Amino acid sequence: MASEAIELRAHLMRRVGVGATRDELEALEDRPYEEIVEELLNPEEPANRDADLFDRYFPALRSPDVPVGTSSVWIFNIANGGSPLREKMALFWHHVFATGWYKGEHGPSIITQIAMFRENGLGNLHQILLDLSRNPSMLSWLDNCQNHAGDINENYGRELLELFSMGIGAYSEDDIKAAARAFTGWTFEQPIPLYPTGGYDSSFIYRADDHDDDEKTFLGRTGNLNGEDIIDVIVGQEATPRFLGRHLYNFFVADEEQVPAWSIDPPRDPEAIDQLVASFTESDGDMTAVMRTLLNSEFFKSARYQRVKSPAELVGSAIKLANWPQDPDPAILTWSPATAAMGQKLMDPPSVEGWHTGKEWLDGGTLSERVNFAVEQVMDTSKPGVQSIVSRIASSNGAVEPDAFVDQVLDLAGPVPASEDTRKVLAEFASEEGPLTFGSDDEREHSEARIGRMLQLVVSSPEYQFA
Amino acid sequence: MAKINGKDPVLVVVQLTGGLDFMNTLIPYTSEAYHEARPTVGVAADDVLPMNDTLGWHPAAGALKELYDAGNVAVVQGIGYENSNRSHFRAMDIWHTTEPLKVSTEGWLARVTRDIDPNTENPLTAVSFGRGLPRALAAPGVTATSVGDLDHFGLMTKIEAEQERAQDLDIFKRMYTPSVGTGVVGDYLAQTGRDVLAGIDMLRDVPSQYSSTVEYASNPIANALRDVARVHTAGLGTRVFYTQHAGYDYHALEPETHPRLLTELTQALSDFMADLREHNASEEVTVMVFTEFGRRIKDNGSGTDHGSGGGAYIIGDHVDGGLYSEYPSVKPEDWLYGEDLRHTIDFRGIYGTVLEQWMKMDPTQIVNGTFEQITPYKVTAA
């Protein structure tokens, strides 16, 4: 059975990525935990390294339906890229700054937005919010392009405060109006029209003649405030790391209530949030420092299987378990539709609130999709991940008794912490045909099929729904 | 249990996500204040489909106007609640839980489902179509089936060997037992797993049994209402159906978006009623269409921002068609906060109306109080 060191590293990799193969975990087993965290926080791989490779394989990635291809490749990169945390931080910010691509007729700008999160996601929050406020996809999604001096559109101003930084209760309706006025003139250049040439990106432009230069008061600061000033004030408010800290906790540590409840109910672990707030304050808003605090904390290390996997994580964990494909393959393009069927259409959230997480990922329809997808990934026993599990079990000396058969599959697939009941049901199934044997080719083939079926049952289990 | 011609009353809820612009659906076209406030998104008096001397339908709502003219639509004018919340998410939460002042995890339709089927004898008592289960249908211990794709609803569908699949499903069932659950999420997950199996068995033959001469359009709300028709006409005992139509948050480009959505919605509703009538399955059904809030009175030069004082629509064969409650005053001196329509009836009274008068249930515990009702039905269950 796996050592505590393996279990802890498996937990870490499930959270900063979508899990790791047993070979990868064994390579980490003897390295100091904090050193692994440092490496994850400071990846050497350039961001988005595979963009050109995938473009060569899949010219369709540049079609107007761009997000399907690109978000599939995103999942591939979380699972197989050299910098899982960077990809996962991009996913985190996409959950928080939920932007949908369909509204603007320049789909590529959502791809640029996600690439931006990949680059700046572990940077300073001030820069992250500034980049976000200048992102054409966001400017279009929340209508800041329609926010004019003397004719404000408060959509971005409101959500910047309510959903992207401080949360309800930390500001007034007047602050929203002041924020909206401060962001007047922040818009994007008209992109090349979608038809007939296809989607093109846009770029930020500041129109000084459309900016409201009158005095405004925002959370106590008065003056001819511009967008930068608003962000400056926001980053200095304690409400900001408190709210975003709870987002980090919900995304990386353990399931929280849904966001609308946060202004009313206290966090699941108030001390954990305090630690994140302190780290944010000490580092002046450096997300790398905050994530270092989080990943090295006891509250993180002990929170195993405390989160329901998001659809992107469920898909990612299943393809990581099968460990196929490791190179561009058309199968990859089915992953984004798969997460959509499970309730998470990447780059196209249901609203600016993003997705409800935790238990709300699970209902009859989405559970069926999750089980069906995961089973399909491990059905083919020739996939490298399944083969690796078969080889490890086959390498035991002699026959493998049914109990050991169950325990080894549960261990190598995670370790997955099966409840007594689940284990009992699986053990009954294992004992139907007695011990696994690998003496002859026929025996090996039969045992391989049995291990494959056991894996299918393990990924169908209630426990596998958690990370 | 009260019946309509021997059939159990059925409620179909249609949620319009994002905030339907009530003022631009049923338009006060003779009001100068309306036209002044909405130079961009306003509909010219000549373009509306007049209902009376002061109100007219948006030209894209023709299909709903026909149902209205036939006497099948009760328009609930000015629906809302005190201190209407302008956040989509909090507002939708309030509509789903009937709790404007605190966060609740219990949806009102989940409470309805629990009242109808306290021992969860039928996993299809409440069925929701579309992405995820709405909070309105979620509560601990309450089963509601969520169907993303009625035509491919099943478990382990990729396993081709029948015997293997049957064994896997049996093992699945035993893994998802109540005792597996550790804590609330585990219990919920175990229950969900078992409900999936039961629902799959019941829904398997629905698509092949259904046929209709009604040709629905292809868009999310038309697809969802067609699915409601398919399941309802299969007679599986479903009492609460839930569907959603998204995209109404038109801060920008409202003149382009609003008519498209209204056309999709009203045509789908009209096709749905025609389909049910063709199957002699309409008279037991009442449809309630709602949205989380109305929109700001003044437009913003391209669209409208979040407001209050919206509208709801109750549709059915036995509806006493007409206007209910009062249209919120459009006079600038009456505007709430100087910019919003004032609500004229509380939404919990409309839920109460449908529950008490149509579903024949006591609404007090479900909507958490007693609220003013309307009388939109000519005939009710007896």
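Is Leu261(B) buried or exposed? I looked this up before anything else. Leu261(B) is buried, because 22 other C-beta atoms sit within 10 Å. The cut-offs: buried takes 20 or more other C-beta atoms within 10 Å, exposed 12 or fewer, partly exposed is in between, and C-beta atoms are placed from the backbone.

Ground rules for these notes: this is a predicted model, where local features need pLDDT of at least 70, side-chain atom pairs count only at pLDDT 80 or more, and totals for chains, interfaces and linings use all residues. Residues are numbered from 1 along each chain as its sequence is written, with chains lettered from A and ligands numbered from 1 in the order in which they are written.

**Around Leu261(B).** I found Leu261(B) in helix H9 of chain B, residues 254-278 (helices are DSSP runs of H or I with at least four residues, strands are E runs of at least two, numbered from the N terminus). Beyond neighbours within four places in sequence, Leu261(B) contacts Gly247(B) and Tyr248(B); a contact is C-beta atoms, placed from the backbone, within 7 Å. I also checked His245(B): 16 residues from Leu261(B) in sequence, 8.5 Å in space, C-alpha to C-alpha.

**Cores.** Next I went to the largest nonpolar core, which has 142 residues (buried Ala, Val, Leu, Ile, Met, Phe, Trp, Tyr and Cys joined through C-beta atoms within 7 Å). Among the members touching the most others are Ala179(A), Val315(A) and Ala318(A). Leaving out residues up to four places away in sequence, Ala318(A) touches Phe373(A), Ala374(A), Gln377(A) and Val459(A). A second, separate core holds 101 residues, including Leu265(B) and Met273(B).

**Chain contact.** I noted 45 residues from chain A and 45 residues from chain B. On the chain A side, H10, H19 (364-379), H22 (420-431) and H23 (441-460) each give two or more residues. H19(A) has the largest share, 11 residues. By class I got 16 nonpolar, 17 polar and 12 charged residues on that side (Ala, Val, Leu, Ile, Met, Phe, Trp, Tyr, Cys and Pro count as nonpolar, Asp, Glu, Lys and Arg as charged, the others, Gly among them, as polar).

Technical notes: Contact = placed C-beta atoms within 7 Å.
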